[in-house]
Structure formats: structure tokens, C-alpha cells
Amino acid sequence: MSSTSTAQPPARGVRRLGDRVFTSLSTGSGILILVALVLVAIFLVAQALPALTADPSEVRGGAGLVSYIGPLLFGTLLASVIAVVIAVPLSIGIALFISHYAPRRLAQALGYVVDLLAAVPSIVFGFWGLSVVGPGSRGVGEWLNEHLGFIPFFAGDASTTGKTMLVIGIVLAIMILPIMTAVNREVFLQTPRLHEEASLALGATRWEMIQQAVLPFGKSGVISGLMLGLGRALGETMAVALIISPSGRYSWELLSDNSSSTIAADIALNLPESSGIASSTLVASGLVLFVLTLAVNMVARWIVSRRAEFSGAN
């Protein structure tokens, strides 16, 4: 019998210390996220309660909470939708170029540049929109107003300053482009190679292969990236605050100076000088934005779960 004893494997069902520690940390982290979410909701409700129960004449604007928050919510949704409409096709096109068309070195460099956009502070995007995109869009705005003014989006008086909802949508689209492109790129790169080769073997062109194999596989990922970008666009503050001229009215006009503002920008501009009911009113609008963002994420999870059975990951 050898003097060197052979290490015996741990008995089946006995969990090692590292497994128990990792499980505890993972469970605790998940619970911590839920606790933080609940605490944020409780804080917002408690701080907004004075405005929710106050007389409408005491609320900022003097016409009630709904009349004050309504135009801000409308402007938030309008700016975010414009950004998503612009960013979705761009992010899909850039991701497909990086993953299936560009040479490897070019793809790596381009992917790095796109990811680098995410590190640019929002205030820099705001200055860029204010000093470059705004003045540069005046000619386009005048042309759209002159030739397509019968459409509500392009009606009204075209802005001479460039501080319009269309400019905000363009700036927000550039801001959410990196995260959407990164998600789409990684999903497209995970398309099973056999699926792509099978499509090409049947005589499909590269674009037909992408339509048949890549896009169906990455559909749920594209939706997830879209919702992530929408979440950031809904909560963007400084870029919008620098560009837009606050206006407490509903407006579909994308080229006018009197566009609706957004909830986040309104809070950033007015909270430092507010107190009492005025401060509670701003917190109430923040509560609306919180509920809206939560609803968007819940809808996104529902859509992704419905399409999970068609995902190539299964």
C-alpha cells in the first residue's frame, strides 16, 4: 500500500465553501437590487405626496399636477421616440457591417470607436447639439417647413436658433447609438456558424443569408438593445436642458422653438431653486418618469420572453 494517500473527491451532494459563498453573494445581490428599487419608490412617493394632495392652484403652473406633468411627459415620449426611430436602423446597419462585412482589423477599430462614444459625457453632446447640430439644421428645417408644412410634425414657424425637438431627437439618437450597436453586434456575432453556412450553401447571397439566419436569430437581442436605448433616452437630462427652450404645452411641431420639454430636463433646471410644494411637484414628475421607465422595461422583458422560443440560443 502506497504511503502517499490519494485525495478523495468530495461526496456527492456536499457543497464546497466557495459554492456556498458564491451562492450567498449572488442571492444577496439580487435581493439588494429589489430592496433598492422599493426604497427608491417609497422615497419618491413620500416626497411627492404633498404635491399629490395639494390644491391645484398651489402646484407649479397653478393649473394642477396633471396639467403641469402632462406636457413634460408628452415631450419625453416624443423626444425618445424620435431618437429610437433614428438610432434603430443605424445601430443594426453598423452592427451588421462590423460583424459580417468589414475586414477584421477595420471591424475591431470601428467597434472600438463606437464603444468610445458611450464614454462621452452627456453635457458634451448637449454643447455639440447646441453649437453644431442646431445651427446646421436651420436650413433643413426651413426646407421641411416650406415643402412639408402640411404635416403636423413640420408645421408652425421654423426655428431660427435650431433649438428644436428634432435636434434633441438627433442628439439623443447619437447618445443611445453605442449601447444599441454593442448589443446588436454581440448578438449577431453569436449566430451559429452552421446556420450561416447552410444558407450560403443553398445559394443565398450574403444579404439573403443575413435575412434568413442572422436577423431571426438576433431579433430578441435587437429588441433588448432598443429598450436599453429607450431607457437612456427617457432619462437624459443635461443634453436636453442645454438645447430645448422650456414650454408648458403639448406640441407635435419638431421644427418650432416652442417644443415641449422633458421631465428630466425640467427637474434639472428647476430643482435647485425649488422648495415646498414646488419641489414636491418636481419629485412627482420624477415619480411618473420612474413608473414609465419601469413599465418600458417590463414590456421589454415580456416581448423578449415571448420570442425566446424562436431564439437561436435555445
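Across the whole structure there are 4 salt bridges, counted when a side-chain nitrogen of Lys or Arg sits within 4 Å of a carboxyl oxygen of Asp or Glu. This is a predicted model, where local features need pLDDT of at least 70 and side-chain atom pairs count only at pLDDT 80 or more, while totals for chains, interfaces and linings use all residues. Residues are numbered from 1 along each chain as its sequence is written, and side-chain values use heavy atoms, leaving out hydrogens and water.

Select Arg 193 and Glu 196: their side chains form a salt bridge, 3.1 Å from N to O. Both belong to helix α7 (residues 193-201); helices here are DSSP runs of H or I, at least four residues, numbered from the N terminus. Arg 193 is exposed at 56% relative accessible area, whereas Glu 196 is buried at 5% (buried is under 20%, exposed over 50%, partly exposed in between, with a 1.4 Å probe and protein chains only). Glu 197 is partly exposed, at 40%.

Next, pick Arg 185 and Glu 186, another salt bridge at 3.4 Å, N to O. Arg 185 is buried at 10%; Glu 186 is partly exposed at 39%.

Finally, show helix α2 (residues 65-101) and helix α3 (residues 104-117), which pack at about 145° with axes 8 Å apart (axes are lines fitted to C-alpha atoms over the stretch in contact, and angles run from 0 to 180 degrees between N-to-C directions). Ile 94, Phe 97 and Ile 98 of α2 meet α3 residues including Leu 110 and Val 114, where contact means heavy atoms within 4.5 Å.

Methods
Helix = DSSP H or I, 4+ residues; strand = E, 2+ residues; numbered from the N terminus.
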